[in-house]
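Please keep the sequence and the model open while reading.

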Amino acid sequence: MGFMNWRVKSAEVLHQGGVIAPDERLPWPQTAVMGVQHVIAMFGATVLAPILMGFDPNVAILMSGIGTLIFFLVTGGKVPSYLGSSFAFIGVVIAATGYAGKGANANIAVALGGIIACGLVYTLIGVLVQAVGTGWIERFMPPVVTGSVVAVIGLNLAGIPVKNMAASNFDSWMQLVTFVSVGLVAVLTRGMVQRLLILVGLIVASLLYAVFTNGLGLGKPIDLSVLANAAWVGVPNFAAPVFDGNALLLIAPVAIILVAENLGHIKAVTAMTGRDLDRYMGRAFMGDGLATMVSGSAGGTGVTTYAENIGVMAATKIYSTAVFLLAGVFALVLGFSPKFGALIQTIPLPVMGGVSIVVFGLIAVAGAKIWVDNQVDFSQNKNLIVAAVTLILGTGDFTLKFGQFALGGIGTATFGAILLYALLNRDTRTTAPGGH
């Protein structure tokens with residue numbers, strides 16, 4: 001199997017509900033449309049993360065495209081993944097910069113230095129994994145741990161669409177209309193339309209929203225003035241890093257969370273595709289680490305393999321790496337287009353929220369699928385306790401502070417799962433309450 005040498009599957013495979021493997025692709029037109037869907041799937045979170053940190057969203061979009069292409073090259077086009085803004089950096093960047101939460105981050109430079117340091121640590125872990133294998137990581141992170149961490153990534157994000165993306169009762173109903181629309185597309189349609197369930201559901205819900213608001217005056221109408229006034233081409237606001245000792249110590253440890261995320265994501269894709277991607281784990285860590293360093297060098301956020309896009313793969317059963325090559329190119333081009341950023345901003349927030357509910361839910365279920373596929377034995381107390389505690393720590397956003405350093409929900413859940421498993425992995429003969 002040569003580099004960028006995909007076996008072409010006919011579009012007829014879609015109508016028969018077939019799977020497109022990482023080393024296969026559909027004809028280029030369908031592959032391109034799938035790439036667009038993946039760009040849209042990652043867009044909400046990849047733009048939200050820099051906004052929460054006071055970074056430029058267009059730089060983040062551009063760097064997500066460049067990062068995805070770096071990851072594609074480093075993994076030899078073997079691992080289907082999209083790299084977008086990581087939420088794991090938000091807490092530590094705010095702590096390092098003292099960002100007040102509105103407008104541009106005046107201290108972005110010190111955060112970028114920390115992000116580069118984190119990327120370097122992550123890359124070195126990748127080099128070690130490539131040299132000696134993943135055995136040492138898997139001893140600390142068996143399927144019960146990785147499944148829990150993947151599930152938590154979806155569950156931890158649940159509050160964003162439910163609490164923050166519906167300002168009124170009407171908005172909540174529109175979220176419901178959106179995820180029902182996506183569900184109906186997923187179940188009632190066939191072929192390419194079914195594979196584009198996120199994109200088609202989003203368009204249907206946006207049109208319904210326009211009818212209810214712009215037409216019937218029920219909610220906040222869609223405003224197209226920002227789109228009309230935006231330039232087609234423009235250079236985003238690049239920024240240069242500064243290396244500050246305190247910021248480095250705060251931000252570099254995020255590499256451990258990124259390792260757990262990436263490991264969990266690759267385990268999820270392995271489970272979905274039936275292909276053993278573990279041998280590319282070191283390369284995947286290096287690709288992600290290098291992409292984070294490049295992003296931090298230009299004013300972008302740290303990046304990670306994106307669970308949103310894994311959710312889309314789970315729904316579409318299209319795992320072709322060709323899709324992510326094109327998605328990366330699209331994002332790179334769109335990073336230089338304020339018009340595209342404005343177009344995405346015209347998507348009503350409740351509609352984006354409804355789509356997020358579906359995608360985040362698919363991530364959580366992907367974690368459960370790791371348990372099922374690896375036949376995790378929940379009659380063993382250690383597995384039961386590790387999964388139970390991890391899910392609640394992550395979902396409840398349990399936070400621990402170490403001086404200036406705050407470890408939020410995904411972090412406490414990740415480290416908690418690893419440490420708890422190491423502590424409890426003593427006697428495999430114990431059974432769950434009520435077990436035999």
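Two residues are in contact when heavy atoms of theirs lie within 4.5 Å. On that basis, among contacts between residues at least 6 apart in sequence, 79% join residues at least 24 apart. The model is a predicted one, and it holds 21 helices and six strands. The radius of gyration is 21 Å, close to the 22 Å that the globule rule gives for 436 residues, so the protein is as compact as a globular protein of that length.

**Overall dimensions and surface**

- Taken along the principal axes, the box filled by the C-alpha atoms is roughly 65 × 55 × 50 Å.
- Of the 436 residues, 55% count as buried.
- The accessible surface comes to about 17,700 Å², and carbon and sulfur atoms account for 68% of that area.
- There are 21 positive and 17 negative side chains in the protein. The centres of these two sets lie 4 Å apart.

**Helix α16**

- Helix α16 spans residues 307-316 and is mostly covered, with eight of its 10 residues buried.
- The buried residues include a run from Ala 307 through Glu 308, Asn 309, Ile 310, Gly 311 and Val 312 to Met 313. Thr 316 is also buried.
- Lys 317 follows α16 and has a positive phi, near 65°.

**Thr 414 in helix α21**

- Thr 414 sits in helix α21, which covers residues 409-424.
- Is Thr 414 buried or exposed? Its relative accessible area is 1%, so Thr 414 is buried, the cut-off being under 20%.
- Leaving aside residues up to four places away in sequence, Thr 414 touches Val 149, Ile 257 and Ala 260.

**Asn 383 in helix α20**

- Asn 383 belongs to helix α20, residues 381-395.
- With a relative accessible area of 8%, Asn 383 is buried too.
- Which backbone oxygen does the side chain of Asn 383 reach? That of Asp 377, at 2.9 Å.
- Asp 377 is also among the residues that Asn 383 touches when those up to four places away in sequence are not counted.

Key: Residues are numbered from 1 along each chain as its sequence is written. This is a predicted model: local features need pLDDT of at least 70, side-chain atom pairs count only at pLDDT 80 or more; totals for chains, interfaces and linings use all residues. Side-chain values use heavy atoms; hydrogens and water are left out. Buried means under 20% relative accessible area, exposed over 50%, partly exposed in between (1.4 Å probe, protein chains only). Helices (H or I, at least four residues) and strands (E, at least two) are DSSP runs, numbered from the N terminus. The radius of gyration is taken over C-alpha atoms; the globule rule is 2.2 Å times the number of residues to the power 0.38. Accessible areas come from the Shrake-Rupley method with a 1.4 Å probe; for residues, only the protein chains shown count as cover. Lys and Arg count as positive and Asp and Glu as negative; His and the chain ends are not counted. The place of a charge is taken as NZ of Lys, CZ of Arg, CG of Asp or CD of Glu. A polar contact is a pair of N or O atoms within 3.5 Å; within protein, one must be able to donate a hydrogen and the other to accept it, and residues adjacent in sequence count only if both atoms are side-chain atoms.
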